[in-house]
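Take a first look at the model below.

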Amino acid sequence: MSEAMNIHSGLATAHAAHHDGHHGHHKQSFVSKYIFSQDHKTIAKQFLITGIVWAIIGGLFSVLFRLQLGYPDQSFPILETFFGNWAKGGQIQPEFYYALITMHGTVLVFFVLTAGLSGTFANFLIPLQIGARDMAAPFLNMLSYWFFFLASVVMISSLFISTGPASGGWTVYPPLSALGQASSGSKLGMDLWIVSMALFVVSSLLGGLNYITTILNQRTKGMSMTRLPLTVWALFFTAVLGVLSFPVLLSGLILLLFDRNLGTSFYLSDIVVNGEILPNEGGSAILFQHLFWFLGHPEVYIILLPAMGMVSEILSVNSRKPIFGYMAMLGSLFAITILAFLVWAHHMFVTGLNPFLGSIFVLLTLLIAVPSAIKVFNWLTTLWRGNIRFVPSTLFAIGFVSLFISGGLTGIFLGNSTIDIHLHDTMFVVAHFHIVMGVASFFGMFAGVYHWFPKMFGRYMNSTLGYIHFWVTMIGSYLIFWPMHYQGLAGIPRRYLDKRGWVSFNDFPELDKMITIVSIIVFAVQLMFVFNYIYSIFKGRKVTTQNPWGANTLEWTTPIRPGHGNWDGEIPEVHRWAYDYAKDGREFIPQTEPIGENESKH
Amino acid sequence: MQTFFIVAILVLGFLITFQIAKASEYVAVLRGEEKARKQTNKVNAFMLLAFLVIGLIGVYYCNERLKGKILGEPASDHGILVDRMLYITIALTGVVFIITQVCLFWFSFKYQESDTRKPYYYPHNNKLEMIWTVIPAITLTILVGFGIFYWYKITGNAPDKSMIVEVTGKQFGWEFRYPGNDKVLGKKYFKNVSPEKNNPAGQLWDDKYNQDDIFVEQEMHLVVNKPVKLVINSKDVIHDVGLAHFRMKMDAVPGTPTTMWFTPRFTTKQMIEKTGKPDFVYEISCDQMCGKGHYSMRGVIVVETQEEFDAWLAGKKPQYLVANPDKDPSVKKDSVISNVSATGAKTQMKMRN
């Protein structure tokens, strides 16, 4: 059976080499193939490319505000050329600074690391790895992208209005975000932010429901749930988290919209703003924080889990060794998913929360460290006694583990309410979450892009540029965020654009300059990655073998450039789990190979 | 011009890098891809090990450079607990950090691809997995135990003898109210807030507890070694009373008063000696994003002896008398003028409405 399969796919390869993209499916117009496509692979690429565009915008914002932080006394005339009044005299104005950080956070958390990450890889990998021709509902899947696109258009447009985009921080706490009198960013920009996020939630729900349905119903013959690659499991839990938590954010935002425009008092009470006494009484500003963080904390795992899944897969493939403790990995993913819903109030230890409630959330928060620790130890054991191939994806996966350890451990500081009293809302928090969910997830994403690029485009990315990309980003990330913890320990609050007016916080000007310089370099290297990505789509070295990494999973049984429908003939049947590497003296055994008579059991 | 040069250098550097990268790909193809790949594999494995060693040295160096600029002696009794918890956590997580990072990079280096090694088929080991579930669980129980113990001490009820100060945040500054001799803060209502009528806190003048309350802005005075309970409010958006030296922090939420208490251990003068900074003051920083002036929302705390504090407070006039000069025995004579100015303010209010 497997030999027949191999012959078949061999033929398909030869076929594909001659006519790229024609696989017996009806001919498609340019529009239906590349724009309003219902092919999960094309939708994945749309998500990825939109995500990359957003990442460049969001990254550029961070460079701009790092300029202000590193050189608060210097003027950059070029900024005035581009941004006019927002950077009067070449200096970033406070309103502009707060708009930049707000947009940086919103864009990277939602548009890049949620849509760009799970949108890309859930779409691309789920059907390919479970053996399905497409998603359960391809049309909804297409809508999911286009809702994301609409959300992007609305968010982009908010950058160009005269009062500026939302600027109350990505967490948009009311009353600041509810009152136009309190901040110019809370005028029209905030309404656009809410509309954009509502569209985004719709996109995320359409996608998430599709991923869940597809994984539960469309698995090929023999693909039991416990034979699924960990990537698919991680994407499954990600989708569950999104489906259960995004509606709560939406409800919170709708109430905020009412408070802003219809005179309700859900979040507003006892307010005298700019000398104006508002009529609202009886609302609770803290209510919004509960609703927000009920999404906000699972969101962290929505960002992190896909990276974890891909890293598990890539580490196993490239150390030529099964992932250690598949069931434990699965169990810890499950535990993280459950606990993700039970820890949100650790963002609110100093809001006046009942101390008893606070102590429960300390317990639940630190509990998450247990499944996280299991995952780390299992990754380490996967590397142990392997035969490791350092392609760029492996390096990024190893980098992910290193960053996840560093950022995870500082989470134990912040999850402990006693320490959080001192560190809450300081630069320590900024350093912590950038390492653990920002940079680490980016590393997972890069690992995924380098690993699956050959499947996406039938070509390789240039690996020398990949190595440079990895090393500069790895060293740069630690240089930027490691010393930042010390600023937090010194009590420097986050979102301070100029610390020169303070006696207590003015001790780190040199450090701020260093961080700014390194972040500009790291940003430049990301642009190099984008260049490598685009260049390689058209000019990269061609893939000539069907399974270039020697991997077991199903996506490598498709033709080099699979068409709509993925497999030319029948969908292959699955006979084993995805991690039979180095078993019985064989380098790897694909999932499609039946269990041999004399095969050892594990 | 400078910007232009920087951009030009970046572009040039990038072009060169790209050409090298492309060339190296061709060279690899010419020399045999397998061979070239194995060579870069060795280079990367070595770099990972080097990263570990240099990284750990960097962590040490960073700590040496910066440890003098952080923390310092905690200036409140609660701060001692916070710092102790912090050091316990640093010790435990530090051990885990070093062990796991060393394993990660050492394994990567040691088990780099080699033609002679056969990877070891090792899918699971229940005993091992049990061990590394239980050990983190125990460690975390210790941390949770200490954490909650200290947390309850810090957030528990303030001692009865504490002095009370009301702190109110607004865009972008701080207001304070002392309860006066009766030790009770009078009632207030936000719709009464009126700086024009000398009632910036919105006090209700018919509440007798308000008659001796003292209102000050930007500078709060506290007594050393005397517990203080802060009652925290906000007028407009959410602010946060951040006291880095006392290791204390609490949000100021409009409509929902919050509290925190602590005991200052050192006077401002003592801290000047301890830190060696002649301009040292205790600062209140707003730690919750509150608008364009967030970064400059600064207040000052002066910690002093009871005598100094009493002398300072004695120089302040209760806000009740400032707002109602006709009730003030010391300004009886020019009450007419005050009344006129009060009427003036009223007309202004009407015009605005």
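The report goes from confidence to the chain contact, then to domains, a sheet and some backbone details.

This is a predicted model, in which local features need pLDDT of at least 70, side-chain atom pairs count only at pLDDT 80 or more, and totals for chains, interfaces and linings use all residues. Residues are numbered from 1 along each chain as its sequence is written, while chains are lettered from A and ligands numbered from 1 in the order in which they are written.

## Confidence

pLDDT is the predictor's confidence in each residue, on a scale from 0 to 100. Chain A averages 91. In chain A, 95% of the residues score at least 70. Residues 1–24 of chain A stay under 50. For this stretch the model has 26 contacts beyond four places in sequence. Two residues are in contact if their C-beta atoms, placed from the backbone, lie within 7 Å.

## Where the chains meet

Chain A brings 103 residues to the contact, and chain B brings 98 residues. On the chain A side, helix H13 (residues 392–414) gives the largest share, nine residues. Helices (H or I, at least four residues) and strands (E, at least two) are DSSP runs, numbered from the N terminus. The chain A side divides into 64 nonpolar, 27 polar and twelve charged residues. Here Ala, Val, Leu, Ile, Met, Phe, Trp, Tyr, Cys and Pro count as nonpolar, Asp, Glu, Lys and Arg as charged, and the others, Gly among them, as polar.

## Domains of chain B

Domain bounds come from an automatic or database domain assignment. In chain B, domain 1 covers 36–65 + 72–113 + 124–156. Domain 2 of chain B covers 163–338. Their centres, taken over C-alpha atoms, are 42 Å apart. Ten residues of domain 1 of chain B are in contact with twelve residues of domain 2 of chain B. The domain 1 side of this contact has three nonpolar, four polar and three charged residues.

## A sheet in chain B

Strands of a sheet pair through backbone hydrogen bonds, either parallel or antiparallel. Two strands pair if DSSP finds at least two bridges between them. In chain B, five strands form an open sheet with mixed pairing, in the order S3-S2-S1-S5-S8. Strand S3 (214–217) and strand S8 (258–262) of chain B are the edges, and each pairs on one side only. Neighbouring strands of this sheet are turned by 25° against each other on average, direction ignored; the axes are lines fitted to C-alpha atoms, and angles run from 0 to 180 degrees between N-to-C directions.

How do S1 and S5 of chain B pair? Strand S1 (residues 163–170) and strand S5 (residues 228–234) of chain B run in the parallel sense over seven bridges.

## Backbone details

| Cis peptide bond | Omega |
|---|---|
| A:Pro174 to A:Pro175 | near 0° |
| B:Gln171 to B:Phe172 | about -10° |

A:Pro175 lies in the loop between helix H6 (138–158) and helix H7 (188–217) of chain A. B:Phe172 sits in the loop between S1 and strand S2 (173–178) of chain B.

The loop between H6 and H7 of chain A also holds A:Val172. Phi of A:Val172 is near 35°, a positive value in a residue other than glycine. B:Gln218 is not a glycine either, and its phi is positive at about 70°. B:Gln218 lies in the loop between S3 and strand S4 (219–223) of chain B.

Are these residues buried or exposed? A residue is buried if 20 or more other C-beta atoms, placed from the backbone, lie within 10 Å of its own, exposed if 12 or fewer, and partly exposed in between. A:Val172 counts as buried because it has 26 C-beta neighbours inside 10 Å. B:Gln218 counts as exposed because it has 12 C-beta neighbours inside 10 Å.
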